[in-house]
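Dear colleague,

Please find below the structure that I am handing over to you.

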Amino acid sequence: MTTGQQAAQAEAEPQDEERLPTIAEQMADQLGGWRGLVESSIPVVVFVIANIVGDLRPAVIASVAVALLIAVLRLAQRRPVRHAVNGLFGIAVGAAIAWRTGDERDFYLPGILYGVGYGVVLLLSAAIRQPLVGWIWSVLVAKGRSEWRDDPRLVRTFTQLTVLWGVVWLAKVGVQAALYLAHQDTALGVARLALGYPPYALLLLITVWTVRRVTRESQPEPLPGS
């Protein structure tokens with residue numbers, strides 16, 4: 001290998017290390033892939049169906065059992081369990097409340113309350129110019145770096161994206177809260193599924209595409225002959 005080839009390789013290696021994951025890779029990581037999407041929905045589907053054909057308590061037991069089984073299977077297969085554990089926690093809290101109150105709609109109450117909290121925190125972070133989406137990007141994508149804070153365009157972009165996430169989150173919760181107050185238990189379960197991952201996936205896609213586009217436009221063009 002010539003000296004010129006070695007220098008070219010040395011210059012290429014840092015670039016490989018700094019390569020951002022593709023949009024598909026980032027989407028797959030955050031959503032857990034198609035398997036993660038399906039597995040996170042199964043316990044809710046089980047609860048909705050079991051509650052329609054049977055009673056509340058069997059439906060609660062079935063949904064928790066399925067969520068626990070999914071987590072155990074992932075652990076046994078040495079697959080990432082983050083999504084399964086998060087799903088199990090959410091199902092367990094809702095199941096515990098519904099079991100205690102005897103009201104099936106309370107199964108969905110924690111998700112509604114979490115959604116309100118998420119939406120409010122997102123909007124507040126944008127209002128104080130510390131957009132939460134930007135900090136999450138730093139942790140999940142930029143390996144802890146936060147150079148975006150020094151780029152006015154990226155600060156503005158992350159602020160706008162954070163507002164978008166907050167508004168969509170509160171809109172989702174608003175629909176579910178209306179069904180909760182109207183005692184529309186089955187419709188609430190359907191809304192929980194329909195307003196779960198699809199809007200989340202769309203927001204992720206918009207976020208990744210927008211930030212990558214702005215980042216590319218912000219990079220200075222190489223000088224001729226460099």
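**Helix packing, cores and selected residues**

Helices α8 and α9 are roughly antiparallel to each other, because their axes cross at roughly 165 degrees, and an angle over 145 counts as roughly antiparallel. Please note that this is a predicted model. Helix α8 covers residues 152-181 and helix α9 covers residues 185-194, and their axes come within 9 Å. The crossing of the two helices, α8 and α9, is left-handed. On the α8 side the contact is made by Gln176, Leu179 and Tyr180, and on the α9 side by Ala187, Leu188, Ala191 and Arg192. By residue class, this contact of α8 with α9 comprises 5 nonpolar, 1 polar and 1 charged.

The loop between α8 and α9 contains His183. The phi angle of His183 is near 60 degrees, a positive value in a residue other than glycine. His183 has a relative accessible area of 48% and is therefore partly exposed.

**The chain as a whole**

The chain has 226 residues, of which 34% count as buried. Its secondary structure consists of 10 helices and 0 strands, and the pattern along the sequence is accordingly α-α-α-α-α-α-α-α-α-α. Among contacts in the chain with a separation of 6 or more, 70% are between residues 24 or more positions apart.

**The pair α7 and α8**

How do the axes of α7 and α8 lie, roughly parallel or roughly perpendicular to each other? They are roughly perpendicular, because the axes cross at roughly 105 degrees and the range of 65 to 115 counts as such. The axes of α7 and α8 come within 7 Å. Leu132, Val133, Gly134 and Trp137 of α7 make this contact with Phe158, Leu161, Thr162 and Trp165 of α8. The contact of α7 with α8 involves 6 nonpolar residues, 2 polar and no charged.

**Nonpolar cores**

The largest nonpolar core has 18 residues. Those with the most contacts inside it are Val133, Trp137, Leu154, Phe158, Trp165 and Val211. Two or more residues of this core come from each of α7 (132-140), α8 and α10 (197-218). Val211 is in contact with Trp137, Leu154, Phe158 and Leu161, leaving aside its neighbours within four places in sequence. There is also a second, separate core of 17 residues, which includes Ala50, Leu56, Val60 and Ala98.

Thr159 and Gln160 may be read together. Gln160, at 53% relative accessibility, counts as exposed, the cut-off here being over 50%. Apart from its neighbours within four places in sequence, Thr159 is in contact with Ala126 and Pro131. Gln160 and Ala126 are 34 residues apart in sequence, and their C-alpha atoms are 7.8 Å apart in space.

**Ser63 in α4**

Which residues are in contact with Ser63, leaving aside its neighbours within four places in sequence? They are Pro43, Val46, Phe47, Ile91 and Phe107. Ser63 lies in helix α4, which covers residues 56-76. With a relative accessible area of 0%, Ser63 is buried. Ser63 and Ala50 are 13 residues apart in sequence and 8.5 Å apart from C-alpha to C-alpha.

Arg129 is found in the loop between α6 (109-127) and α7. Its phi angle is near 60 degrees, a positive value in a residue other than glycine. Arg129 has a relative accessible area of 54% and is therefore exposed.

With kind regards

Methods
Residues numbered from 1 in each chain as written. Predicted model: local features only at pLDDT ≥ 70, side-chain atom pairs only at ≥ 80, totals over all residues. Heavy atoms only, no water. Axes fitted to C-alpha atoms, helices over the stretch in contact; angles between N-to-C directions. Helix = DSSP H or I, 4+ residues; strand = E, 2+ residues; numbered from the N terminus. Parallel < 35°, antiparallel > 145°, perpendicular 65-115°, else oblique. Left-handed = near helix turned anticlockwise from the far one by under 90°. Contact = heavy atoms within 4.5 Å. Nonpolar A, V, L, I, M, F, W, Y, C, P; charged D, E, K, R; others polar. Buried < 20%, exposed > 50% of the residue type's maximum accessible area, 1.4 Å probe, protein only. Core = buried A, V, L, I, M, F, W, Y, C linked by side-chain atoms within 4.5 Å.
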